Amino acid sequence: MNATERNFLENTDLFTGLPENALADAANCAKCRKLGGRQILFHQGDPAEHIFLLRAGRLKLVQYNESGDEVIIRYIGPNEFTAMVSVLENAVYPVTAEVIQSGEALFWDRNTMRRLMRDYPGIAVHALEMVLKQLGEIQERFKEVSTEIVEKRIARTLARFIRHSGIKTAEGILIDIPMSRKDLADFTGTTFYTVSRVMSSWERSQWIRTENRKILVLNPHALISFAEDFA
């Protein structure tokens, strides 16, 4: 295992703080897969056989109902894992993972990851912490959908994206996730029309600018203040 691979694994939630032999074992067991744009990494309902760690690129996790309508559950970026719960439960993937930015991922099969957890209990502890964190995020989003006005909900979502994947530019903060207004509507549990109305209003106020599925936040202070105003 070279220094680059060790540093990469050390800086992920699952492997942080582990001894050198554990990092080496995890790296030696990992396989690598190139990810092309619009590729499906796994489908909802397929047997959950692998845990994935994104090295580069981005994924969109989508869940489909019986009518074929989609709900965006989460976006996955570099240094993040997906399919942890499914593999631990020996279940099926509850979502479809679509590549929205080309990159590559490391992956481990279910049996290998379980063996790593037995040999190095710190991995199992980190896995539990990751699962609990994701459950907390889902609960928070459910509360927002149930109790908050849609403008506040959209603002809170953009504020999270700023913290999670924002890139400072000369004009403001670029949310580095390819995202259409329909995607934002699916993610926040509202309609395309409502998102378009809200985003157009914020563009007129020069809070944001949208172009080519990217959102540039021109006035992050105003947007975040609105998102965090509980009045």
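User: What kind of model is it?

Analyst: This is a predicted model: local features need pLDDT of at least 70, side-chain atom pairs count only at pLDDT 80 or more, and totals for chains, interfaces and linings use all residues. Residues are numbered from 1 along each chain as its sequence is written, and side-chain values use heavy atoms, with hydrogens and water left out.

User: How many cavities of 30 Å³ or more turn up?

Analyst: One, in a search of the whole structure. The largest cavity holds about 40 Å³ of space. A cavity is a set of points on a 1 Å grid over the protein atoms alone where a 1.4 Å probe fits but cannot get out. Volume is the space filled by probe spheres set on the points, with grid points joined across faces, edges and corners.

User: Which residues line the largest cavity?

Analyst: Arg141, Glu144, Val145, Arg153, Thr157, Phe187 and Thr188. Lining residues have an atom within 4 Å of a point. The elements giving two or more residues are α5 (121–147), α6 (150–165) and α7. The largest share, three residues, comes from α5. Helices here are DSSP runs of H or I with at least four residues, strands are E runs of at least two, and both are numbered from the N terminus.

User: What classes are in that cavity lining?

Analyst: Two nonpolar, two polar and three charged. Nonpolar means Ala, Val, Leu, Ile, Met, Phe, Trp, Tyr, Cys and Pro; charged means Asp, Glu, Lys and Arg; the others, Gly among them, are polar.

User: Switching to helices. At what angle do α6 and α7 pack?

Analyst: About 105 degrees, with their axes 10 Å apart. That makes α6 roughly perpendicular to α7, a label for angles of 65 to 115 degrees. Axes are lines fitted to C-alpha atoms, for helices over the stretch in contact, and angles run from 0 to 180 degrees between N-to-C directions.

User: Which residues meet there?

Analyst: Arg153, Ile154, Thr157, Leu158 and Phe161 of α6 meet Leu184, Phe187 and Thr188 of α7. Contact means heavy atoms within 4.5 Å. The α6 and α7 contact has five nonpolar, two polar and one charged residues.

User: What about α7 and α8, where do their axes cross?

Analyst: The axes of α7 (181–188) and α8 (192–204) come within 8 Å and cross at roughly 115 degrees. α7 and α8 are therefore roughly perpendicular to each other. The α7 side of the contact is Arg181, Lys182, Leu184, Ala185 and Thr188, and the α8 side is Phe192, Val195, Ser196, Met199, Ser200 and Glu203. These divide into five nonpolar, three polar and three charged.

Notes: Parallel < 35°, antiparallel > 145°, perpendicular 65-115°, else oblique. 1 Å grid on protein atoms, 1.4 Å probe; cavity = no way out; pocket = protein on both sides within 12 Å on 5 of 7 lines; lining within 4 Å.
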